[in-house]
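Dear colleague,

Please find below the structure that I am handing over to you. My notes on what was found in it follow directly after.

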Amino acid sequence: MGKTGRARSGPLVALCLAAALAGCATKAPDIEVTGSVVSRERLYVPPDAVFDAALVDVSRPEDPPVVLARQRIDPAGPLPYALRLSFHKEQLHPQGRYEVRAAVRRQGAILLDTPGVHPVLFDPAFRHVDVVLAPVLLNRANVAASMPLQQTYWKLVAIQGEPSIDAPAEGQAAPHLVLQRGGDRATGSDGCNRFVAQFAQEGGLLRFQVLDTSVRLCLQGGGTGPAFLRALGQVASYAQEGRDLVLRNIDLEPLLRFRAQEWGERRIDEDEPPMLPQ
């Protein structure tokens, strides 16, 4: 019964979340996260740069983060910025995990990012967050990126040499990859089994070593696993453009293609429709 409950929890949470987001859209936000956005050094912000912040629900790390609120300052102007993220009380739950993520972008390309994780606690007394921004170390691989390489939920969209990406097994997460901040660990799922890997990045070079995987037999769906993990072990470099990530081999040939994914409130400058849990 325990396994059945876990298998059904994803779709059930998704349906509840979709209903909650639809309901919240009909009334004004009633609570707010506040704070300051600062830097530890004096930073130049171009006059046409834009500041974006988001409050995200990361309670289910196997799923894309759920954006509960966004803030935009255009033009950004010099730091510091006052943080104000308004949302609905119904979107919170006592055991939930929440973070504030922020960035400064110029013409869509990310210039400043949060090198650390900035959690928000459920208790009203701890809804003040001071966010630190730092320059992104730009190189040829990420100069056109609009999303940070780390802490982004990268959903797998293509494997070189494979005709298509199999749907995940029933009750399991879609194939994805997340490079965690503050260390060298990456986590993800191949559509059937979850895995933990170690990564090393230097400029545009990037390598992975899969450390551990769960052992689950998925009879329906989730057949991406062997090809995904095999390709991950061959990665030598990466390239980002907009919300897309390509992992390449030593000959710069593409191995894996990903796209940043999140649910809930869309970015204000996006033309794509907002995504809801599916």
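**Overall surface and fold**

The protein chain has an accessible surface of about 14,700 Å², and carbon and sulfur atoms account for 54% of that surface; accessible areas come from the Shrake-Rupley method with a 1.4 Å probe, and for residues only the protein chains shown count as cover. This is a predicted model, in which local features need pLDDT of at least 70 and side-chain atom pairs count only at pLDDT 80 or more, while totals for chains, interfaces and linings use all residues. Residues are numbered from 1 along each chain as its sequence is written, and side-chain values use heavy atoms, with hydrogens and water left out.

The protein chain contains 2 helices and 18 strands (DSSP runs numbered from the N terminus: H or I of at least four residues for helices, E of at least two for strands). Of its 278 residues, 46% are buried; buried means under 20% relative accessible area, exposed over 50%, and partly exposed in between, with a 1.4 Å probe and protein chains only. Among contacts in the protein chain with a separation of 6 or more, 60% are between residues 24 or more positions apart, a contact being heavy atoms within 4.5 Å. Helix α2 (residues 225-232) is mostly covered, with 6 of its 8 residues buried; among them are F228, L229 and L232.

**Cavities and a pocket**

On a 1 Å grid over the protein atoms alone, a cavity is a set of points where a 1.4 Å probe fits but cannot get out, whereas a pocket is an open set with protein on both sides within 12 Å along at least five of seven lines; lining residues have an atom within 4 Å of a point. Grid points are joined across faces, edges and corners, and a volume is the space filled by probe spheres set on the points.

By class, the lining of the largest cavity has 11 nonpolar, 5 polar and 8 charged residues (Ala, Val, Leu, Ile, Met, Phe, Trp, Tyr, Cys and Pro count as nonpolar, Asp, Glu, Lys and Arg as charged, and the others, Gly among them, as polar).

The second largest cavity holds about 40 Å³. Residues that line the second largest cavity include E99, R101, H118, Q151 and R181.

The second largest pocket has a volume of about 400 Å³. It is lined by 21 residues, and D113, V136, L137, Q150 and Q201 lie nearest its centre. The lining of this pocket comprises 11 nonpolar, 7 polar and 3 charged residues.

**Individual residues**

D113 belongs to strand β6 (residues 109-113) and counts as buried because its relative accessibility is 10%. The side chains of D113 and R181 are joined by a polar contact of 2.9 Å; a polar contact is a pair of N or O atoms within 3.5 Å, where within protein one must be able to donate a hydrogen and the other to accept it, and residues adjacent in sequence count only if both atoms are side-chain atoms. Beyond its neighbours within four places in sequence, D113 is also in contact with residues including A102, V132 and P148.

Q180 lies in the loop between β11 (176-179) and β12 (185-189). Its side chain makes a polar contact of 3.0 Å with that of T187. Q180 counts as partly exposed because its relative accessibility is 26%.

**Backbone features**

Cis peptide bonds join D74 to P75, with omega about 0°, and L79 to P80, with omega about 5°. P75 is in the loop between β3 and β4 (81-87), and P80 is found in the loop between β3 and β4.

Q107, a residue other than glycine, has a positive phi near 55°, and L252 likewise has a positive phi, near 65°. Q107 is exposed because its relative accessibility is 70%; L252 is exposed because its relative accessible area is 53%.

With kind regards
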